[in-house]
Amino acid sequence: MRELKIFDNPANIKRLLIALFIFLAGLLGADFLIHKHAHFPWETAPEFYAAYGFLCYLLLIVLAKTLRIFIKRREDYYDQ
Amino acid sequence: MISSLPPALLFLVGAALVPLMPRGVKKAFMLALPLAALYMIWQTPLGTSWSFSFLDMQLVLLKLDRLSRVFAFIFLIISVIGFLFALKVEDDLQHSAALCYAGGALGVTLAGDWFSLYIFWEIMAVASTFLILASRTKAARAAAFRYILVHLFGGLLLLAGIVLTLSAGGGVAIGALKLEGAAAWLIFLGIALNAAIPPLHPWLKDAYPEATPTGAVFLSAFTTKSAVYIMCRVFAGAEVLIWVGAIMTIFPIFYAVLENDIRRVLSYSLMNQVGYMMCGIGIGTTLAINGTVSHAFCHILYKALLFMAAGSVLTMTGRSRCTDLGGLYKTMPLTAIFCMVGSASISAFPLFSGFVSKSMIVSAAGLQHLTVIWFMLQFASVGVIDHAGIKVPYFTFFGHDSGVRASDPPWNMTWAMGIAAAFCLGIGIFPQPLYSILPFAVDYAPYTGAHVVGQLQLLLFGALAFVLLIYSGYYPAEIRAINLDFDWFYRKGGRAFARLMDRGLNGINAASDRWLVSDLTGAVNRFARRAPVTISKGVMIPLWRLVGVRGWPLEQKKRDLERGMAIGALPVGVGAAAAALMTLIVFVLS
């Protein structure tokens, strides 16, 4: 069976991440070039979506990890 | 034959014939049937047909308008893809069940009256159960049992609502209802159960991951989306759905983050997507309804694609848990690519299908200035990029190398995924054909600079957070565990209830036996035997006391009374005997 090994090489992962960072920087720059037509005033604030996306993601993970403390059970929980 | 039967019945007849067919014919038939039905719906002008009178009700088996037609199209398209995916499955039970299920979904969509809708609704419930049972494992049997019980309950709610509507003089024709009164609420709850609206949702995440790899593809398409369709038809603009929908987009994403089984992650993700649709139905404007319908269309394709990718992995490796997977891109590159197309579509990346449909619903919320709802929907969008956009492909195909080496699945499964992926990209790049078949004329441009940049920022800065969290080790580890959800109430709670009923009712039973049957009856029996003595004593003793009998003479009188009663030698008895004799003499002489 033929095997791809592209991500076995750490350098390739580094390249991928650098590409992501460059694209993100481009998105931050593009924010100033576009014409914004907003439903809400905060949508026209600089980099609103970038900040909201980043913060929501962190909030989601923090809340999910907190939730896990209460709802996690063994896999055979319902078989007992 | 095609034109002599309504399309839904065509599928039911097909389901009965499939087990009798030779193998080659069967495969061709399963692909040809939905294609033929698709052509038939395409050729049918809007309007009603197959209408007939039954028990004073006007039944309509094919009501084609702009709303039902879109759903009929997508149900048939996904049937073609689903049967292609399942083509090499050697199990007539699954094929027949899937055909019945597709027929039921089509019947619900095209029904013009409540009566036939209900019949097809129940056909769907029963047929889909067999797609879960067909896994033939203990866990699947248990899940299928819970699934059918929950759906029969939902069906009863719907039926009760329909009966109440009819008995209140409402027509049998399906039309918009105001959400007031018991009848409308019962119908609403019946539909809500099939749409998996929390807290009526756990059947979905309980049962879908236990279905067969191919069965899950059909399951992901029909039940919830036929509920979306009928909700759209009957309760568009019901404001409660705005909030219910927004909560439904958020509630499941926390579970999806924590869940270990990929198909269960996808099940939670399915609920999240249906949440957008419910919210759109609640908003009820033409833009929101168009958004809901187009999102249902796109969603069926990319969700089926994701379930096909997970199903391919399960078929080829026998595994579906994140903890057991990883690094599969090395030997399953096509499956990995198709999965990522599905992930990009559900995450609503520009150029993929979710982008051109979901944004209509979010924009509709914005246009109505529903501030909190708008923030909730955007938050949920970030949640989607986490669990369906990144987690599913990352932990399955990349991440930690599990050492599992399996090849891409057989050609039919690969092609089925490829076709679904092509639809996802095609709709994302050229949304116009989809927009042209929506219920209302579309005046919406998804590809504006602000929208594309805003959406990419939202998603990719979320992805940036993922990268940082993974490298910092804070991202929740994949662990072999389950998470409690509302099904706890009927799984553990049900058991406790059974125990309570066992101890409680059987306890009452035992106590009743002891006290009523043994003790009380004995007492009654004793009382009945001694009644003459007791009653006489009760009457006589106070009388004797009254006339001054005390002490030893009183005891003597009591003993005389008891003895007299026992042998029937009482003065009153002599009197009665004399009276009876007199009566006899008079009777004989007269």
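In which helix of chain B is Ala421(B) found? I located Ala421(B) in helix 16 of chain B, residues 411-429; helices here are DSSP runs of H or I with at least four residues, numbered from the N terminus.

Before going on, I noted that this is a predicted model, in which local features need pLDDT of at least 70, side-chain atom pairs count only at pLDDT 80 or more, and totals for chains, interfaces and linings use all residues. Residues are numbered from 1 along each chain as its sequence is written, chains are lettered from A in the order in which they are written, and side-chain values use heavy atoms, with hydrogens and water left out.

**Ala421(B)**
I read a relative accessibility of 4% for Ala421(B), so it counts as buried (under 20% relative accessible area, with a 1.4 Å probe and protein chains only). Leaving aside neighbours within four places in sequence, I found Ala421(B) in contact with Leu305(B), Phe338(B) and Val341(B), where contact means heavy atoms within 4.5 Å. Phe338(B) is 83 residues away from Ala421(B) along the chain, yet their C-alpha atoms are separated by 6.0 Å.

**Helices 4 and 5**
Next I checked how helix 4 (residues 92-110) and helix 5 (residues 114-133) of chain B pack: the angle is about 155° and the axes are 8 Å apart. Axes are lines fitted to C-alpha atoms over the stretch in contact, and angles run from 0 to 180 degrees between N-to-C directions. Helix 4 and helix 5 of chain B are therefore roughly antiparallel (angles over 145 degrees). I sorted the residues of this contact into 15 nonpolar, five polar and no charged; Ala, Val, Leu, Ile, Met, Phe, Trp, Tyr, Cys and Pro count as nonpolar, Asp, Glu, Lys and Arg as charged, and the others as polar.

I also looked at Thr129(B), which lies in helix 5 of chain B. Thr129(B) is buried at 5% relative accessible area, and beyond four places in sequence it touches Ala144(B), Tyr147(B) and Ile148(B).

**Helices 11 and 12**
Helix 11 (residues 262-283) and helix 12 (residues 286-317) of chain B pack at about 175°, axes 9 Å apart. That makes helix 11 of chain B roughly antiparallel to helix 12 of chain B. I noted 15 nonpolar, seven polar and two charged residues in their contact.

**Chain B with chain A**
Last, I turned to the interface: 62 residues of chain B are in contact with 54 residues of chain A.

Methods: Helix = DSSP H or I, 4+ residues; strand = E, 2+ residues; numbered from the N terminus. Parallel < 35°, antiparallel > 145°, perpendicular 65-115°, else oblique. Buried < 20%, exposed > 50% of the residue type's maximum accessible area, 1.4 Å probe, protein only.
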